[in-house]
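I open this entry to record what I looked up in the structure, and in what order. The notes follow the model as I went through it.

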Amino acid sequence: MAQLIIETWQIHNRINTYLIEAIEDEEQLKDKTADKGRTVGEQFAHIHNVRLMWLKEAAPDLFDKMYKIEKEDNLDKPFLISRLNESSAAIEKLLEKGFKENRIKGFKPHPQAFLCYLISHESHHRGQIVISLKYCGHPVSKKVGFGLWQWGTR
């Protein structure tokens, strides 16, 4: 059962990177819906950094190897994909440990709920990203929009 849950996390991360790859122009990573809101690139950075926040709390040994995305970083597609893949692999290890111990330090009630929490949080931001792109005149194609829901092929 734990392996199926890990595979679910891997699919979810591939959906995130699929969305980044679908952004046609690097300049669209600067799109945002509000003056004080996060840009598309900052949304992806936030996803990564929240993963790191949990790693710092629950598995400091995994956190120590991670790179927090800072405001001054160049948020281009390869950089964001690389960081998300790195933090995804660390979360995978945290989940594996959590399933063995039946807990994630600092999170209640159990590792399965932690996975759902992370997916819910990141999916919320994916929605904000899609809205920001649309608001700025760069909507994702129908193919990409439907592709975000094709978990069986990602």
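The model is a predicted one, and in it the side chains of glutamate 86 and arginine 83 meet in a salt bridge, at 2.9 Å from N to O.

How many salt bridges does a search of the whole structure find? The search returned three, and I went on to the remaining pairs with the general point in mind that side chains of opposite charge can pair when their charged atoms come close.

Glutamate 122 forms a salt bridge with arginine 51, and I noted 2.8 Å between the closest N and O atoms. Because glutamate 122 lies in helix 5 and arginine 51 in helix 2, this pair ties together parts that are 71 residues apart in sequence. I checked the accessibility of the two residues as well, and both glutamate 122 and arginine 51 are buried.

In the pair of glutamate 27 and lysine 30, the side chains meet in a salt bridge at 3.4 Å, N to O. Here I found glutamate 27 to be partly exposed, at 47% relative accessibility, while lysine 30 is exposed, with a relative accessible area of 56%.

**The loop between helix 4 and helix 5**

I next went to the loop between helix 4 (77-101) and helix 5 (111-135), where arginine 103 has its place. Asparagine 102 lies in this loop too, and I wrote down its phi as near 60°, a positive value in a residue other than glycine. At 54% relative accessibility, asparagine 102 counts as exposed.

Proline 109 is another residue of the loop between helix 4 and helix 5. Is the peptide bond from lysine 108 to proline 109 cis or trans? I found that bond to be cis, with omega near 15°.

**Helix 1 and a distance check**

Glutamine 3 lies in helix 1 (residues 2-22), and at 47% relative accessibility I list glutamine 3 as partly exposed. I took the C-alpha to C-alpha distance from glutamine 3 to tyrosine 117: the two are 18 Å apart in space and 114 residues apart in sequence.

**Confidence**

Last, I went back to how far the prediction can be read by its own scores. The protein averages a pLDDT of 96, and 100% of the residues score at least 70. Among the elements, I noted the highest mean pLDDT, 98, for helix 2 (residues 40-58), and the lowest, 95, for helix 3 (residues 60-63).

Methods
Residues numbered from 1 in each chain as written. Predicted model: local features only at pLDDT ≥ 70, side-chain atom pairs only at ≥ 80, totals over all residues. Heavy atoms only, no water. pLDDT = per-residue confidence, 0-100. Helix = DSSP H or I, 4+ residues; strand = E, 2+ residues; numbered from the N terminus. Buried < 20%, exposed > 50% of the residue type's maximum accessible area, 1.4 Å probe, protein only. Salt bridge = Lys/Arg side-chain N within 4 Å of Asp/Glu carboxyl O.
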